[in-house]
Amino acid sequence: MKISQLQYAIQKDYTIPYLPYIFYVVLLLLLGILIPVNVALVGSDVVTTLKDDPTVVDNPWWMPRSWPEFLRPYIAQKCQPASITDDMNIRTNSSMPIFKYVLQRAYSNKEVHDDPTNRIYPAPYLANKLSNCEIRSITWRVEIPACIMRYQAKIYCTLETDKSLDFDIPDEVVFIMTYNRADNADLAPDDMVDHLASSVVPEIRDTSGRSASTHATLDKLPVDPSSSNNVLAVLDGIYYDLSHAIWTQVNIWQYINDTRWEKTYVVEWTAREGNYCSLGDRIDAPCGNITDRIRWRRYYGSSDDYGNNATFIMPFNITITNSLIALRDAIMVDLGNAQISSNIYLNKTYFDEVIRIDPYHIEGGSILINRPEDIRMNSSDYWDFCNHWICVGTSLAEAFRGVSNNTPLGNIVLPYQPNNTQIPSVLKFRYLCPTFRRKSTNALLISVFVATATIMSTLYALFDLYMPKVEARYQKRKQAFARAINRNMEDQAEDEQYLVGRPMTKVNTFDSSNTLYDPVPQTEKDNQENAPSSPRHTRVSRPDILCDPVVYGLEVIDMATENTEAEPSASDWTRSNKLFVEGAGDIDPIEGMGDIEYGVDNQPPPSFAQSEFETIIRRQKIDGHHKLVPTPSRFPRVANEWEFSGWGRVLYTEIKLEQLREAQQRMSEPEVQMGQFRSSSISGNGVVGSVFYAFPAVAAVASIFSPLSLLIACLILTIYRPILLELGSAIRLNGANYIYLLQCSGKMLGSVGAAATLLDAVATSVVSAATAGAYLQGEISTGSIKEWSIGLFLLIGISILALISLRESSAFTLSITIIHMLVITALMIGAAVAWARTGMGVLRDNWELRPNNGTEIARSIFNGVCIGFLGVTGFECTPAYIQNIKPKSYGPTLRNLLVMALFLNAPLMLFVYALLPSKTILGGANVLSVLAEVAIGRPMRIVIVVDCLLVLSGGVFAGLVTGCRLIESLACERVLPQIFLRHLPVTGTAYMPVLLFFTLCFIVYASSAFSLETVSTMFSASFLFIMLLVLKYGVSCILLKFSRDRLPRAYRTSMWTVVLAIVAILIVLAGNIALNPRTLGLFVAYFIVILFGMLLPGSRLNVARVALWILDQTKPLQRWNLDKQIVSWIKHFRKDPVVLWVKGDHINHLVRAMLYIRRNELTSHVKLVHVYKKISAIPSELKANIRILDEAFPSITLDLVFIQGDFNPCLVEAVSRELEVPRSQMFISCPGKDHPWQLGDYRGLRVIDF
């Protein structure tokens, strides 16, 4: 193996221009950048310091406050967590850290308390917020007569955990809080005195051990509702009520010579998990509106064994309970978990409700004041109730109750209103955290110098490595350029021996402005140079415009393209050029050159219409069959006749009076018109029937707040009523969102709306049928008949009924709605009577199971609102059959649906929670049938089951009507084949839409495996169908206002209303997806399949072109002549013409209309119809512009049809019959507000942008 010799650098100057300047400029820029960057990177040391808050990130010394976070230097390590042990007294970071907490246990999983391995000790802690805290028990212990008190509370809290930490934070911790009070701080500790002495004032006590007066500093504090002194003052005041009561009882017992009180008394209060109120005779202490005498769980007192003799403390049990409540709520404030609705410090109303006045103070005072004179107590001395803040002439609890909301008592005011809302507190620790510290000056200079020098050395080494290669490449390019110049000079010298060229001046014609090169033979050049009378400049001054060829006109170019011998018709521009050229021969070559050039420059160019129109006329005269274009076909090896259509014609068609009369008669034929009650019943059965399957779903997430959630859902839906009114007023056509989006945008967005509408209709029918089967299966033993077969039979029966007639079916649905409303009204009356008879017990029990804090309550209500929209399904189906509703009945129909939803959902759910326990509601039972049996009896339950089957049958029919009307609209628009418009000879009902809808329902039902579990998933998927459909109504309204604002309509909605509706539905839609993201996959799967079926018929041309391209690229397939069959297929589905009603001759409007038709319609024939009253009123350029368009669109034949008359619905119908084009394939520009007819009067005419 041969190793190459080492090389040494050779000093050589670079030849690249300006390289030194670039080098030194870049060097200075790099130094200006690197020095500050290195100061930032190496100018600080990372040191460990103690910090109170590990979440606060300290910025380096050089970083400004507005520095972007992503540019901040990275610290690899994080703060070290603290370790909590059971021998530590811990306080919180609240504004009143008076309480001390001791860790009892910490669990990694709060659901498993019995497993010893689930416990964590010591417990790591890193400023985790204490959330969901619950006080499970409080124990009060007092020693008599010294009045030494000790409170002990057991607290459960959840720690909010950062998942990115590399250690496990406990899921739940259990603390023991100890709070000590004493009348004499020399005998026992007093936490209140210690807290005030350390943070506010020194302690003050008299020799007797009882407080003599207020403290001057506390008494002079200003009134401040946001100060935590209000909490401390109330807590301290209620303690002094208790201390005063104990002192009174001691004096009374001494007066009657009875000193047999126990040395120690204990009272224990407990609460069930997750509840502030516990049930039982003696466990109702925290509840509001309580009138029981004893509110403790256990109480006992003894000198030795803590026996059950509590005679001494029983008289002032109310004051004891007040102290327990005050302590409990103060602890919750300290933990940052207080609820405003149930905390005496944050809610004055709640304070007045649970803090009661103890009559013992009056009774005990009466005894002491009325004793014999030698031992009588002065009344003013007895009623001197003082704590550190204030003195009053009654008990402090009564004094606080006696002031109104936000009214100060001295300098104490309730409710306590902290500056920041109650956020969870954190335990107070100091943490070891890494932080940045600036280096000393010498170390900083050295570090920056070393870093900068290292980086610059590296960059210079790279420069020295690669720059010689750049120099070598530059030298090669320079040499190649020099060789090319030398070669050109040699070639030019050889060519000059045979031919000499001279440059020509510019010929200013309409199609040429380039410098031409006119070659002159060498012999002619020599003769001219040898002639004595011909100076050299005479040759070059020869007028170039006389050279041959002179000018090429448009006609010459076109003739060359078409390879024809016909003489072109010369335009004024061409004729003037020819005359100009012929006259130029008489001009002196030298003197007249300026005039010639001036004449050429000032020739006016031909107009676009003049030159193009003449070219088109000539082409159409030469070839009367197909249009020819110079662009070659995309498929050169297969048939391409479909790319070139025939030339259009100009027709004058007469619409006779008899034809107009027949059209008027057809337009005046009465359609199936329903009033507000019949039309309300079709969609109303979906609305009222949803209570049978919506209630359990809503109750599962909203619990006791389900009535409120359903009420909010119904109120949100009322926002869409004005939107539907505006859409229905402007576009009164069947098809719902498909028609709205089609008329306001195009077929692509319309197909999306059609897919959503059809999915919603299918979901409504399938869910109603499946629920009916499950309801009947749960009530009646059906033997071998399965619940899925019941739902399937229901789908088949409703489909057969729909084949009879819409009117008869609407009468059937109206009967169902009336029966259901009567049954539900009877049920609600019976439930109200039963509620009055049984009382509030069940409702109170259900209320106890509500969430604990405000966040969970808000989340429950929000989730209930999201799912509550299932309770109003059917409302969105109404626009699908708007043409079959009387015009004046559409608004009342929408109103009736909203009234039914408001009347049924929220009140009925309230009765459910008032009479049925939550376990029954969530147990999967048929809620309404159970409610009927509880409220009225077993016969009513049977009536409810029958009513359920009838109403759910109506819900199936509502979805079927919506789907069938949509399918018919799609067939009229040629999105679906025309077979879907065939009618039964007897009933006149279109049977194919019914069969297709039943097939889709069967597929969706079968895809759920006919199981109840999957049907419940379909409930969630149907939420998305409904939300997307309702959302699209808002989008349709915005498109209507944006692109069709001139469309006549009787009702207009505020834009803010539309935006509010869209935002509300988007929030609800996001909430449903967040509740069950898996349903999004089911929705997307169904939606893609349906949308693909909608778009596939309109993509037939693209499919055919792809097939032709495959044939063109595949030689073995070309021998089968498949291309001719494909071309024949293309011609077949493009043979149906469309009509474009034109009013003016603006070519830009006509081009936009043709582009819309080519993009959205499969047709090769467009008939542009112009209606005129007088011939003189016909636009002058209409015919010429249509000729131009006929040339511009080679694959479409454009006929121009002139019809005399007035544009109105009868004329449109007559022309539709005359030209054999359905109204759904006719297009107009958006009519203005002064148009005498509405769009719905034309029954299918489409609006597009011109």
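**Salt bridges and a helix crossing**

Let's start with D329 and R328, which are both buried. In this predicted model, their side chains meet in a salt bridge, with N and O 2.8 Å apart.

Now look at K100, which forms a salt bridge with D191; here the closest N and O atoms are 4.0 Å apart. This pair ties together distant parts of the chain: K100 sits in strand 3 (residues 100-107) and D191 in helix 2 (residues 191-199), 91 residues apart.

Next, find K348 and D352, another salt bridge, with the closest N and O atoms 2.8 Å apart. Both residues lie in helix 6 (residues 348-354), four residues apart, or about one turn of the helix. K348 is buried at 4% relative accessible area, while D352 is partly exposed at 28%. Salt bridges can also share partners: that's how E726, K1041, D1045, R1049 and R1052 end up joined into one network.

Helix 27 (residues 854-868) and helix 34 (residues 1055-1075) meet at an angle of about 100°, their axes 9 Å apart, so helix 27 is roughly perpendicular to helix 34. Helix 27 brings F862, N863, V865, C866 and I867 to the contact, and helix 34 brings I1067, V1068, G1071, N1072 and L1075. Of the residues in this contact, seven are nonpolar, three are polar and none are charged.

Key: Residues are numbered from 1 along each chain as its sequence is written. This is a predicted model: local features need pLDDT of at least 70, side-chain atom pairs count only at pLDDT 80 or more; totals for chains, interfaces and linings use all residues. Side-chain values use heavy atoms; hydrogens and water are left out. Axes are lines fitted to C-alpha atoms, for helices over the stretch in contact, and angles run from 0 to 180 degrees between N-to-C directions. Helices (H or I, at least four residues) and strands (E, at least two) are DSSP runs, numbered from the N terminus. Angles under 35 degrees count as roughly parallel, over 145 as roughly antiparallel, 65 to 115 as roughly perpendicular and the rest as oblique. Contact means heavy atoms within 4.5 Å. Ala, Val, Leu, Ile, Met, Phe, Trp, Tyr, Cys and Pro count as nonpolar, Asp, Glu, Lys and Arg as charged, and the others, Gly among them, as polar. Buried means under 20% relative accessible area, exposed over 50%, partly exposed in between (1.4 Å probe, protein chains only).
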